[in-house]
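Hi,

Here is the structure I said I would pass on. Have a look first, and then read my notes below.

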Amino acid sequence: MKTIELKPPYLIFVGDAVEESYAKTGFGMIEWRRELCKGQIRLPGCQVDLGIPSLTLDQAVAEKVGSLLIGTAAVGGRIPESWLDMLVEFVEKGIDIVAGVHTRLNDIPRLRAAADQSGARLIDVRVPPEDIAVGTGRKRSGRRLLTVGTDCALGKKYTALALEKDMQAQNMKADFCASGQTGIMIAGKGIPIDAVVADFISGAAEQLSPDNEEDHWDVVEGQGSLFHPGYSAVSLGLLIGSQPDAFVVCHKAGRHRIMGWPDFEVPTIEDVIERTINIGRQVNREIRCVGVSVNTSSLSEDMYGLYLDDLSAKTGLPCVDPLRDGTRKIVNRLLMEFPNIGRNE
């Protein structure tokens, strides 16, 4: 499993992003590692604001920033040529660059030459381990919970992190298993599933959540959606390899079209539950849905509670917004569904 050590404090590079959904790495770091984030830096035309102080390069040096984290990426995960001048300036000042995009920093000659001169590190997060085997389908000890989605960029990582926090608060053995670049930056370890060669995706998921104690829960960060026209292959491999005993469906209130693919409708939560169970039973006959996690950021304080209550009545499952309410209702359902795999003694 990939382990990284980042040099704090961090400056988050937001680039020229115009949609918040493409800056989810930056927002994720602010939500879960705010104490390590000194500020943000934005290029002209950027319409995304992380809500933290904006710093220049000189200010970042004065504040002793250790790492510049690339907090944004467009579809395809490339580093635009227009970013390079600024990135080189940071490297020349000895500041590490950390990126989880598909373009590898170490493959860019200008950055590599500047790093060789200054001693700054170029840390590519989206590089999988070299020792991944083909998936075996073998049943592993311990328990696993997977977050699955109706679409991308709507809360699978946040839900998994919130579940880990709330499960541990109930004295349960639980660990967040990062499967994407932002999760790896937050947790300091994980496997970037979408960078794994297709034949080895399920094997990578097995490596991400190996044998463990019988009462231990691996809370596996989901990726994409089984209904996604572009990314469903990653979602499928992660589902098969993680062999979840339980899963939580993640959704964004008010989203009706697949983000970036407007010709495709967002599936219903019921459709996601049905498809996840039908596929998941191939490797775990006992798979079951234990709750629904909803990003209700588009709803007012007065409306979001009613929305979740209606959804719970419709699905028969606990429905929460993990950032507004936490995930305690889902954890309680998990304890009810798995009474022999509960709190530590």
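To start with a question: in strand 15, which residue is the bridge partner of Ser293? It's Val320. Bear in mind as you read on that this is a predicted model.

That bridge belongs to a parallel pairing of strand 14 with strand 15 (residues 319-320), which comes to two bridges. To get from strand 14 to strand 15 the chain goes through helix 10 (residues 301-315), and this β-α-β crossover is right-handed. Strand 14 also pairs with strand 11 (residues 246-252), again in the parallel sense, over seven bridges. There, Ala246 has Arg288 of strand 14 as its bridge partner. Strand 14 itself spans residues 288-295 and is mostly covered, with six of its eight residues buried.

Arg288 turns up again in the ring contacts: its charged end sits over the ring of Phe338, 4.5 Å from the centre. There's another case of this kind at Arg324, which lies over the face of Tyr304 at 4.3 Å from the ring centre.

Now the aromatics. The structure holds four aromatic pairs, and here are some notes on a couple of them. Trp32 and Tyr158 have ring centres 6.0 Å apart and planes at 85°; that angle is over 60°, so they count as edge-to-face. Trp32 is in helix 1 (residues 24-32) and Tyr158 in helix 5 (residues 156-169), so the pair links parts of the chain 126 residues apart. Trp32 is buried at 18% relative accessible area, and Tyr158 is buried at 17%.

The rings of Trp217 and Phe338 have centres 5.2 Å apart and planes at 80°, so this pair is edge-to-face too. Trp217 lies in strand 10 (residues 216-220) and Phe338 in the segment after helix 11 (328-337), so parts 121 residues apart in sequence are tied together. Trp217 has 0% relative accessibility and counts as buried; Phe338 is buried as well, at 5%.

One more residue to look at is Thr147, in strand 7 (residues 143-149). Is Thr147 buried or exposed? Its relative accessibility is 1%, under the 20% cut-off, so Thr147 counts as buried. Its side chain reaches the backbone oxygen of Lys156 at 3.2 Å. Beyond its neighbours within four places in sequence, Thr147 is in contact with several residues, including Thr159, Leu163, Val220, Glu221, Val248 and Cys250.

Cheers

Definitions and conventions: Residues numbered from 1 in each chain as written. Predicted model: local features only at pLDDT ≥ 70, side-chain atom pairs only at ≥ 80, totals over all residues. Heavy atoms only, no water. Buried < 20%, exposed > 50% of the residue type's maximum accessible area, 1.4 Å probe, protein only. Helix = DSSP H or I, 4+ residues; strand = E, 2+ residues; numbered from the N terminus. Pairing = 2+ DSSP bridges. Right-handed = clockwise from strand over helix to strand, strands pointing away. Polar contact = N/O pair within 3.5 Å; in protein donor to acceptor, adjacent residues only side chain to side chain. Contact = heavy atoms within 4.5 Å. Phe/Tyr/Trp six-rings, centres within 6.5 Å; stacked < 30°, edge-to-face > 60°. Lys NZ or Arg CZ within 6 Å of the ring centre and 35° of its normal.
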